[in-house]
Amino acid sequence: LNIVSHPPAPKLTEYHKGYIQRRAARLTNERRDMIAAVVRDFVAVAGDKPVTEYGKSDGSDFVDLLLGLPANWHKKPKLRNLAVTDVPAAAVAAGVSPQPPTSVLKKVQYIKAIFDDAAERLDGINVTFPTGGLPKS
């Protein structure tokens, strides 16, 4: 019996760097920045863990956050200095509408693509992102 030991899975912030490098030729700077922002926001919600340690609740919590974020919230004076996890409640208090569902879906697609890539390379990827009710772009 020969048991092969695998190195631990990289944390999401590290995996993301490799993902970007593998796609560098096909990504615009704007798309690269958007992916980095989505990863940053996902990590703010779920923590920076090895990619194999995320689960369904992490994906669900992230979608819930996105549904409460206004478009370009980081440009709004009342919101831009807040932690991303505090923005939805502050936006409601300030009367700022959430971003459109098409924007939510686009951001979910960015983070899902990273986990889909990880699933092709690593065992144990279990995160899902509930998108029922969001428009299929």
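Which helices each supply at least two residues of the lining of the largest pocket? They are α2 (29–46) and α5. The views below come from a predicted model, in which local features need pLDDT of at least 70, side-chain atom pairs count only at pLDDT 80 or more, and totals for chains, interfaces and linings use all residues. Residues are numbered from 1 along each chain as its sequence is written, and side-chain values use heavy atoms, with hydrogens and water left out.

**View 1. F115 in helix α5.** F115 sits in α5, which spans residues 101–121 (helices are DSSP runs of H or I of at least four residues, numbered from the N terminus). F115 counts as buried because its relative accessibility is 3% (buried means under 20% relative accessible area, with a 1.4 Å probe and protein chains only). Beyond its neighbours within four places in sequence, F115 is in contact with L12, F42, V51, Y54, I125, V127 and F129 (contact means heavy atoms within 4.5 Å).

**View 2. The aromatic cluster.** F115 also belongs to a cluster that ring pairs form with F42, Y54, F62 and F129 (rings of Phe, Tyr and Trp, the last by its six-membered ring, pair if their centres lie within 6.5 Å). The whole structure holds six aromatic pairs.

**View 3. Lining of the largest pocket.** Of the 18 lining residues, M34, A37, N72, H74 and K107 lie nearest the centre of the largest pocket (a pocket is an open set of points on a 1 Å grid over the protein atoms alone where a 1.4 Å probe fits, with protein on both sides within 12 Å along at least five of seven lines; lining residues have an atom within 4 Å of a point). Helix α2 gives the largest share of the lining, eight residues.

Notes. Buried < 20%, exposed > 50% of the residue type's maximum accessible area, 1.4 Å probe, protein only. Phe/Tyr/Trp six-rings, centres within 6.5 Å; stacked < 30°, edge-to-face > 60°.
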